[in-house]
Every structure is written in structure tokens, then in C-alpha cells.
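Hello,

Here is the structure you asked about. My notes follow below it.

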Amino acid sequence: MTAPQERGASGARDGATAPTPARDIDVSDGYAFMSEISSLLGSTYESIDQLEELTRRAQGIDLTVAELNLVEVVGRATLHKDAAITVSEVARALDIRVPSATAAVNRLVRKGYVRKRRDPKDARRVNVELTRDGEKVLRLHVVFNQRMAEEVSSGLSLDERRVLLDGIRRLEQFYARAQRKQRDYLRKTAGQKGGRS
């Protein structure tokens, strides 16, 4: 058993970041409320990104966030199920084009996290599945996400959990819509530039 870590002046254990104290925001002040949400979302995204990067490095995982998402899509579709997923289905799940998905899958094959196999029932179909290394990465990723969800929802009543879930779903829907609009805009402007001589 180890001795408890000393707490610094902030009250946090040495080497740990103290949780940001809840600021008393007047939620009826639209500007203050929106400003606080924007600030919290920005710092939360940055913290998640940095922690995932540190975790990947500590575990010796040489994957980008996009590659990790692909591993998760393949694993959720196939692991412990009598199911298969193709590159086209991976592309659909990630909302990317098939050539991009093909290139990403091929990179992960080279890195040893996924493999491609001909479907025994249909030789035209090529399935993507996780290797043992891919399964290990997926387990680490799932545990990380479960811990994050537990921390966020700990101590909340059922009604508070529903409100939290609803807010996160709205946020996800906003980002998905904004992403589609941006992609459509980029495709449209690329098409217009390509048509000029």
C-alpha cells in the first residue's frame, strides 16, 4: 500500500489537475450562459484529446483519433458477434468516401490492427475484422470512454441523467449537421473550381 499523495495549495493531489470549480453563472443571461458553454466545450475537447494522446503513447499505440474511430466501428460491428463489415460499410459508418475508408483500412492492415478477408459465402465481398492488437486497442478505448461516462454521471439522479443525455445528443446532432453542411460546401466549391479553366 502506498502513502497518499500530498495535496498542493490548490487542494489537488500533486501531479493531478484540480477540477475546475463550478462558476456561478446567471443562466438567464444568454451571453454569459453561451460563453460558459463555449468555454467548457472547448476545454473539455482539448482535455479529452490530450488525455487520449497520452494514453495511446503510454500504451505504445500508434493510432490517430480517426484510426481509433475506425477500429471502434469494426469492433462494434463484429466483435463477439456472428457479423461482418465491409470497407463500404465502414465508410458509411464514419461518413467518409469509400476510397478514404479503403486507404485508412489499408493503413491499419499495415500497422497490424485489422485484417481483410474474403467472405466465405460471397467471394466478391471483402470483410474487415480486428486482429488481437486491434481488440486490445478497442478494449482500452471502451474502458476509457466508460470511465469518462461514469465520472460525468456519478451522483446524478435519473432525471438529471436524462437531461445530460439529451444535451449531449443535441450537441452531437449540431456537430453532425454542421459537418454535413461544411462537407457539402467544400464539395460544391471544389466542383466549381474544377469546372473553371
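**Helix 4 and its surroundings**

Helix 4 (residues 98–111) has 14 residues and spans 20 Å from first C-alpha to last. That is close to the 20 Å expected at 1.5 Å a residue, where the expected span is 1.5 Å times one less than the number of residues. Helices here are DSSP runs (H or I, at least four residues) and strands likewise (E, at least two), numbered from the N terminus.

Before you read on: this is a predicted model, in which local features need pLDDT of at least 70 and side-chain atom pairs count only at pLDDT 80 or more, while totals for chains, interfaces and linings use all residues. Residues are numbered from 1 along each chain as its sequence is written, and side-chain values use heavy atoms, with hydrogens and water left out.

Which residues of helix 4 are buried? They are A101, A104, V105 and L108. Buried means under 20% relative accessible area, exposed over 50%, and partly exposed in between (1.4 Å probe, protein chains only). Seen down the axis, the buried residues of helix 4 fall within an arc of 100 degrees, so they line one face of the helix. The arc is taken from the directions from the helix axis to the C-beta atoms. An α-helix has 3.6 residues a turn, so residues three or four places apart point the same way.

The face turned away from the buried side carries P99 and R110, both exposed. On the buried side, the partners are helix 2, helix 3 (87–94), strand 2 (114–118) and strand 3 (126–130). Just after helix 4, G112 takes a positive phi of about 90 degrees.

**L108**

L108 lies in helix 4. L108 is buried, with a relative accessible area of 0%. Leaving aside neighbours within four places in sequence, L108 is in contact with L63, E67, L70, V71, Y113 and V114. Contact means heavy atoms within 4.5 Å. The C-alpha atoms of L108 and D62 are separated by 10.0 Å, and these residues are 46 apart along the chain.

Two packed helices are described by the angle between their axes and the distance between the axes. Axes are lines fitted to C-alpha atoms, for helices over the stretch in contact, and angles run from 0 to 180 degrees between N-to-C directions.

Helix 2 and helix 4 pack at about 90 degrees, with axes 11 Å apart. That makes helix 2 roughly perpendicular to helix 4 (65 to 115 degrees; under 35 is roughly parallel, over 145 roughly antiparallel, the rest oblique). Helix 2 brings E67, L70 and V71, and helix 4 brings A104, V105, R107, L108 and K111. The residues of this contact divide into five nonpolar, no polar and three charged. Ala, Val, Leu, Ile, Met, Phe, Trp, Tyr, Cys and Pro count as nonpolar, Asp, Glu, Lys and Arg as charged, and the others, Gly among them, as polar.

**Helix 2 with helix 5**

Helix 2 (residues 65–78) also packs with helix 5 (residues 132–153), at about 100 degrees and with axes 9 Å apart. Helix 2 and helix 5 are therefore roughly perpendicular as well. L68, V71, E72, G75 and R76 meet G134, V137, L138, H141 and V142 of helix 5. This contact divides into five nonpolar, three polar and two charged residues.

H141 is in helix 5 and counts as buried at 8% relative accessibility. Not counting residues up to four places away in sequence, H141 touches E52, L68 and E72.

**Whole chain**

The chain has six helices and three strands, in the order α-α-β-α-α-β-β-α-α. Of its 197 residues, 20% count as buried.

Best wishes
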